[in-house]
Amino acid sequence: GGQFIKILALRNCFDCGIDTHTLKMILASITAVRQDAILNLNYNGMSSREAAVIARFLTSNPRLKQLEIDWNRFNDADVALLADALLSNTHLTNFSVCGNSEIKENGRLAFLRAVFDVSSLSSCAASNHTCRLRGLERDISAMNRKKKSILNKWSKIFAMLVLSSEDSFINTAILRGVPAQLIPLILDKCKKRFIHHDNHRLTDIYL
């Protein structure tokens with residue numbers, strides 16, 4: 001019958017970043033949580049040192065549903081670490097990075113590929129389908145808008161199938177390499193109204 005942290009807000013508590021030991025203690029308090037928690041680390045002067053620690057934490061897939069690291073000093077290289085961490089995370093549903101002015105287009109693309117990798121259908125399927133990213137200068141928060149990750153996953157798959165086709169029907173060339181036994185399943189899903197106006201919204205983010 002112990003008590004557990006649901007929301008931990010350490011906003012503007014540190015002037016020049018959070019030392020590794022302290023940050024690990026903060027994150028450990030979240031690791032012990034038995035229900036989804038929220039962590040706010042805004043305005044703490046964090047940069048590359050903290051990004052590496054946070055990335056390792058996210059890779060462990062803790063019970064954290066919302067992470068805010070707004071108005072810190074993260075850059076594109078830091079985002080690459082954080083984006084990689086999302087590929088093995090299924091609990092985080094909201095991730096805010098507002099006000100990190102050194103996150104440029106390369107960082108945006110790293111986050112975008114983590115949640116919608118269009119290099120192949122298998123890469124798309126292996127993307128993160130739970131986390132909605134907010135606060136980038138060119139918004140990508142249309143990704144993972146649905147509460148159910150399976151719906152986000154199928155929306156992306158069919159966006160690739162439909163919108164990469166010259167006739168806007170289905171680009172069967174993308175199905176090359178897909179196991180033959182799975183192709184009927186994919187085509188059957190197409191008939192069940194998974195394809196809708198969100199397709200253009202998803203693919204337009206890459207433009």
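Reader: Is Trp71 buried, partly exposed or exposed?
Author: Happy to start there, with the reminder that this is a predicted model. Trp71 sits in the loop between strand 3 (64-68) and helix 3 (76-86). A residue between the cut-offs of 20% and 50% relative accessible area belongs to the middle class. Trp71 has a relative accessible area of 46%, so the class is partly exposed.

Reader: Which residue forms an aromatic pair with Trp71?
Author: The structure holds 3 aromatic pairs. In one of them the ring of Trp71 is stacked, at 6.1 Å centre to centre and 10 degrees between the planes. The partner lies in the loop between strand 2 (37-40) and helix 2 (48-59), 28 residues apart from Trp71. That partner is Tyr43.

Reader: And what is the relative accessible area of Tyr43?
Author: Good follow-up! Buried would need a value under 20%, and exposed a value over 50%. Tyr43 is partly exposed, because its relative accessible area is 34%.

Reader: Are the rings of Phe95 and Phe111 stacked or edge-to-face?
Author: A pair of aromatic rings is described by the distance of the centres and the angle of the planes. For Phe95 and Phe111 the centres are 5.8 Å apart and the planes stand at 75 degrees. Planes over 60 degrees apart fall in one class, so this pair is edge-to-face.

Reader: Which elements do Phe95 and Phe111 link?
Author: The two residues are 16 residues apart, and their pair links distant parts of the chain. Phe95 is buried at a relative accessible area of 0%, and Phe111 also counts as buried, at 0%. Phe95 belongs to strand 4 and Phe111 to helix 4 (residues 105-115).

Reader: How many residues of helix 4 are buried?
Author: Helix 4 is mostly covered. Its buried residues include Gly107, Arg108, Leu109 and Phe111, and Val115 is another of them. Out of the 11 residues of helix 4, the buried ones number 8.

Reader: What distance separates the C-alpha atoms of Ser96 and Asn40?
Author: Along the chain, Ser96 and Asn40 are 56 residues apart.

Reader: How many residues line the second largest pocket?
Author: About 160 Å³ of space lies in the second largest pocket. Among the residues closest to its centre are Thr93, Thr130 and Asn144. Strand 5 (132-134) and helix 6 (149-163) each supply at least two residues of the lining. In total, the residues lining the second largest pocket number 13.

Reader: How many residues of that lining are nonpolar, polar and charged?
Author: Lysines count as charged, and Lys146 and Lys147 are among the residues closest to the centre of the pocket. The lining of the second largest pocket divides into 6 charged, 7 polar and no nonpolar.

Reader: Is Asn144 buried or exposed?
Author: Asn144 lies in the loop between strand 5 and helix 6. Although not a glycine, Asn144 has a positive phi of about 60 degrees. Its relative accessibility is 5%, so Asn144 counts as buried.

Reader: Finally, how many helices and strands does the protein have?
Author: From the N terminus on, the elements run β-α-β-α-β-α-β-α-α-β-α-α-α. Buried residues make up 45% of the 207 residues. The secondary structure comes to 8 helices and 5 strands.

How values were computed:
Residues are numbered from 1 along each chain as its sequence is written. This is a predicted model: local features need pLDDT of at least 70, side-chain atom pairs count only at pLDDT 80 or more; totals for chains, interfaces and linings use all residues. Side-chain values use heavy atoms; hydrogens and water are left out. On a 1 Å grid over the protein atoms alone, a cavity is a set of points where a 1.4 Å probe fits but cannot get out, and a pocket is an open set with protein on both sides within 12 Å along at least five of seven lines; lining residues have an atom within 4 Å of a point. Grid points are joined across faces, edges and corners, and a volume is the space filled by probe spheres set on the points. Helices (H or I, at least four residues) and strands (E, at least two) are DSSP runs, numbered from the N terminus. Buried means under 20% relative accessible area, exposed over 50%, partly exposed in between (1.4 Å probe, protein chains only). Rings of Phe, Tyr and Trp (its six-membered ring) pair if their centres lie within 6.5 Å; planes under 30 degrees apart count as stacked, over 60 as edge-to-face and the rest as tilted.
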